[in-house]
Amino acid sequence: MVTRGTKAGGWEFDLAAVRAYLDPEAPPASPPRSARPRPPPCRPAPPPPSDDVDVDLEEIDDDPPPARRRPPAQHAGESTAKQRKDAAQAAMLEDKLRLSRDELVEAEEMRTVLATLLSRLSKGIDGIPVLMVKRLGLDEDALPVLRELVDDLRGQMVIDLQKALRDDRT
């Protein structure tokens, strides 16, 4: 800031400092000046042609070189309260739409469904060794081995399920 504003007059800012604030990726600005910027010096007029020299007036360039214009600085910082409110309302509407399209589910409903599914699956898995002995005509001596095998598979399934649930939270 070069000059602080009052009721009678406006604020004056250093343009390079403002651009650096609004566009942090821009090259660093020169140090702030304490005085007002001076207009660029005028180019001296070419010396008048003498009678001895033959000068072609079309060769003299009266147009100043084009000024390099920097693109206007774009503010990429914080948003206003209205913008934050609008963004929050838009996110809520998107969530309601996803919920109505069954793209989102309620967490408690999902926990209930998973618990029911896992309890039924566990009961079904418990019966597998007995079914194998009966249908395959195996000896009753194979039942403890089959139960141990099913328990190992159940343990691996729990580990895999925990990994999957952990991955979904992140």
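**A helical model and its nonpolar patch**

Helix H5 supplies the largest share of the nonpolar patch, 3 residues. The structure discussed here is a predicted model, in which local features need pLDDT of at least 70 and side-chain atom pairs count only at pLDDT 80 or more, while totals for chains, interfaces and linings use all residues. Residues are numbered from 1 along each chain as its sequence is written, and side-chain values use heavy atoms, with hydrogens and water left out.

The nonpolar patch covers about 360 Å² of surface and is made by Leu118, Leu121, Met157, Leu161 and Leu165. Two elements, helix H3 (107-126) and helix H5 (143-169), each give two or more residues to this patch. Patches consist of residues with over 30% relative accessible area and no salt bridge, with like charges joined within 9 Å and nonpolar side chains (Val, Leu, Ile, Met, Phe, Trp, Tyr) within 5 Å. Accessible areas come from the Shrake-Rupley method with a 1.4 Å probe, and for residues only the protein chains shown count as cover. Methionine 157 is found in helix H5; this residue counts as partly exposed because its relative accessibility is 31%. On this scale, buried means under 20% relative accessible area, exposed means over 50%, and partly exposed lies in between (1.4 Å probe, protein chains only).

Turning to the overall fold, the protein has 5 helices and 0 strands, giving the pattern α-α-α-α-α along the sequence. Helices (H or I, at least four residues) and strands (E, at least two) are DSSP runs, numbered from the N terminus. Of the 170 residues in the protein, 5% are buried. The accessible surface comes to about 16,000 Å², and carbon and sulfur atoms account for 57% of that surface. Among contacts (heavy atoms within 4.5 Å) between residues at least 6 apart in sequence, 32% join residues at least 24 apart.

Charged side chains come next. A salt bridge is a side-chain nitrogen of Lys or Arg within 4 Å of a carboxyl oxygen of Asp or Glu, and by this rule the count comes to 6. One of them joins aspartate 86 to lysine 82, at 3.3 Å from N to O. These two residues are about one helical turn apart because 4 residues separate them in helix H2 (residues 81-100). Aspartate 86 is partly exposed at 36% relative accessibility, whereas lysine 82 is exposed at 59%.

Aspartate 151 is partly exposed, with a relative accessible area of 44%, and arginine 154 counts as partly exposed at 21%. Elsewhere, salt bridges that share partners join Glu94, Asp95 and Arg98 into one network.

Finally, a word on confidence. The average pLDDT (the predictor's confidence in each residue, from 0 to 100) is 76, and 62% of the residues score at least 70. Confidence is lowest in helix H1 (residues 15-22), at a mean of 80, and highest in helix H4 (residues 128-136), at 91. Where pLDDT is low, the predicted coordinates should not be read in detail.
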